[in-house]
Amino acid sequence: MWPISNTSLVGKVLERIVRDELSNFLEAKNVIPANQHGFRARRSCTTLLTGLLDTWLATLDEKSGAHVHAILLDFSKAFDRVPFARLLSKLQHYGVSGDVLRWVECFLTGRTQSVKFGGVCSAPTEVLSGVVQGSVLGPLLFNVYVADLPKEICSGFVQYADDTTLHRVVATPEDADALQEDLDRIFIWSENNAMQLNQRKSLVMDISRARAPLFFEYTVGGVALEYVDRQRLLGVHINSDLRWDVHTDTVRAKAARVLGFVTRNLRGCTQKVKRVAYLSLVKPILTYGLPAWHPTTQRNTNKLERVQKRALHFIHGRRLPPPKETNIMPLSMHLQYTDLNFFKKCQGGAIDFDARARIVEGWRLRGDTNNRHARLQPPPVRSVFGQRAFSFRVVSPWNNLPPELKDCTVTDFPSLCKKHLWQSYQ
């Protein structure tokens with residue numbers, strides 16, 4: 001169990017004001033590095049996973065025998081280990097001073113904690129380190145504390161708060177040595193900043209389509225890290241071959257369990273209540289993390305579709321109305337809608353992610369009636385495997401949208417896109 005602070009409502013309002021102003025100041029000075037996706041405006045788990053998986057898919061498609069070694073690092077009790085003095089020193093280094101710095105110091109220090117079990121509380125103990133978990137300001141302060149971690153690291157490197165992934169294309173022992181050197185830099189940083197890497201939970205994946213694995217030993221503090229074939233990263237189960245059978249099965253099973261709970265407890269409720277329960281409790285499980293991952297095969301899509309069909313029978317009874325009357329998009333349509341909506345948000349600046357990093361504008365076709373928008377050209381791919389990447393997958397549906405839909409605002413796009421997809425649904 002993690003210690004969670006109970007702060008007052010008025011205190012949270014003040015924290016929010018300080019957080020927003022401090023965040024704007026730090027973002028303007030580019031203090032928080034670009035590879036940090038946690039607890040930042042316009043960034044999320046989806047932006048991290050989409051960029052990371054798109055990069056890996058492109059690498060493996062370009063060379064079928066390529067190996068990407070990804071090291072998934074785990075920091076032990078990272079939020080609780082942050083020393084107050086060092087955090088305040090870093091804030092001062094980044095330009096935070098005066099009353100704001102003194103306010104943050106007062107916010108962090110002088111706290112006590114106790115444990116309550118069986119109705120009995122322990123004696124309060126002074127809290128000597130750690131950002132305040134359960135607070136509004138705590139996540140931003142943690143981001144500030146780890147902001148200098150990526151310096152001098154040459155390999156690929158992304159973070160979601162303390163969840164850190166280091167990756168590099170490895171073909172020779174020299175490549176593995178370079179990755180180990182970056183890992184050593186992170187270990188030295190953690191030692192110098194009172195953090196502790198958990199060697200037991202830090203894992204290595206050899207991401208490749210090659211038949212023969214390529215293993216090199218990577219160590220943290222002299223302890224060799226374990227290789228795994230699959231691992232859960234920010235809620236998505238990633239296989240070393242970047243196929244989605246395991247994640248699809250896991251998501252289907254979890255959604256089915258929640259749907260079973262809903263059907264047992266809401267059997268006598270109205271259709272409206274049942275529909276809201278499915279859309280708020282079950283469907284988010286099926287669609288979490290899209291467009292970072294994708295079922296890719298019809299078999300996997302059908303597995304998810306069967307869960308939704310059970311839900312529709314629960315809502316409407318034995319005889320189902322036509323899909324348009326249910327106003328619940330089939331999974332195949334929802335996959336396309338999610339890709340398009342994510343891409344539109346990136347285009348409109350609502351999401352801080354370069355969705356067009358690998359996409360270029362193509363030649364205008366003879367007879368093309370869309371004069372306001374050049375057709376996009378997907379990145380070159382060599383296999384069906386490369387077509388699974390978001391940057392390839394989204395181009396054709398986007399090109400097929402009418403100009404007025406591409407011109408609309410980010411706010412209006414979801415409803416207009418759904419209307420367009422329903423009109424073309426057969």
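This report describes the overall fold and the aromatic pairs of a predicted model.

The secondary structure of the chain comprises 15 helices and 15 strands. The radius of gyration is 24 Å, which agrees with the value near 22 Å that a compact globule of 426 residues would have. Along the principal axes, the C-alpha trace spans about 65 × 60 × 45 Å. Of the 426 residues, 47% count as buried. Among contacts between residues at least 6 apart in sequence, 69% join residues at least 24 apart.

The accessible surface comes to about 22,300 Å², and carbon and sulfur atoms account for 52% of it. The chain carries 56 positive and 40 negative side chains, and the centres of these two sets lie 12 Å apart.

Eleven aromatic pairs are present in the structure. Two of them are set out below.

| Pair | Geometry | Centre to centre | Angle between planes |
|---|---|---|---|
| Phe 39 and Phe 79 | edge-to-face | 6.5 Å | 90° |
| Trp 398 and Phe 413 | tilted | 6.4 Å | 35° |

Phe 39 lies in the loop between helix H1 (9-28) and helix H2 (45-62), and Phe 79 in the loop between strand E1 (67-73) and helix H3 (84-93), so their pair ties together parts that are 40 residues apart in sequence. Phe 39 is partly exposed, at 42% relative accessible area, whereas Phe 79 is buried, at 16%.

Trp 398 is buried, with a relative accessible area of 6%, and Phe 413 is buried at 0%.

Notes. Residues numbered from 1 in each chain as written. Predicted model: local features only at pLDDT ≥ 70, side-chain atom pairs only at ≥ 80, totals over all residues. Heavy atoms only, no water. Helix = DSSP H or I, 4+ residues; strand = E, 2+ residues; numbered from the N terminus. Rg over C-alpha atoms; globule rule 2.2 N^0.38 Å. Buried < 20%, exposed > 50% of the residue type's maximum accessible area, 1.4 Å probe, protein only. Contact = heavy atoms within 4.5 Å. Areas by Shrake-Rupley, 256 points an atom, 1.4 Å probe, with all protein chains shown as cover. Lys, Arg positive; Asp, Glu negative; His and termini not counted. Charge placed at Lys NZ, Arg CZ, Asp CG, Glu CD. Phe/Tyr/Trp six-rings, centres within 6.5 Å; stacked < 30°, edge-to-face > 60°.
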